[in-house]
Amino acid sequence: MAIKKSSKLSQAATLKQILKRCSSLGKKQHGCGDGDDGLLPVDVPRGHFAVYVGENRSRYIVPISFLSHPDFQCLLRRAEEEFGFDHEMGITLPCEEVFFRSLTSMIR
């Protein structure tokens, strides 16, 4: 049972790390400038974050609750392996848009 508990703690830590690295969690930060100064996008509702999908890097806004779904977590792990999470524009997911739309419609 200790392995199961450890696994859940590890998963929770990973999800917290993902949330910290998401560029748009729906919270506004204070600051000035023309949008390139660390402000979070105002078009992303609270409790959501932006992901970029497909060859054209189409932007999708998804609820944070998706982070708890095993298939979405698998996609996030692939994204971390392929792209990493240390970039400004949000999480880039390594899949085609058709697959992403199918996955998100299944999760909802």
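Tutor: Please note that the model is predicted. Let us begin with two residues: both F49 and F72 are buried.

Student: What makes the pair of F49 and F72 edge-to-face?

Tutor: Their ring centres are 6.4 Å apart and their planes stand at 70°. Centres within 6.5 Å make a pair, and planes over 60 degrees apart count as edge-to-face, so the rings of F49 and F72 form an edge-to-face pair.

Student: Why is this pair said to tie together separate parts of the chain?

Tutor: F49 belongs to strand β1 (residues 48-53) and F72 to helix α2 (residues 70-82), so the pair joins parts that are 23 residues apart in sequence. Ring pairs also link F49, F66 and F72 into a cluster.

Student: Why is the pair of Y60 and F100 called tilted?

Tutor: The planes of Y60 and F100 are at 55°, with the ring centres 4.9 Å apart. Stacked requires under 30 degrees and edge-to-face over 60, so this pair is tilted. Y60 lies in strand β2 (residues 58-63) and F100 in helix α3 (residues 97-107), 40 residues apart.

Student: How do you know whether F100 is buried or exposed?

Tutor: Its relative accessible area is 1%. Buried means under 20%, so F100 is buried.

Student: What makes R57 partly exposed?

Tutor: R57 has a relative accessibility of 35%. R57 lies in the loop between β1 and β2, and its phi is near 55°, a positive value in a residue other than glycine. Most residues other than glycine have a negative phi.

Technical notes:
Residues numbered from 1 in each chain as written. Predicted model: local features only at pLDDT ≥ 70, side-chain atom pairs only at ≥ 80, totals over all residues. Heavy atoms only, no water. Phe/Tyr/Trp six-rings, centres within 6.5 Å; stacked < 30°, edge-to-face > 60°. Helix = DSSP H or I, 4+ residues; strand = E, 2+ residues; numbered from the N terminus. Buried < 20%, exposed > 50% of the residue type's maximum accessible area, 1.4 Å probe, protein only.
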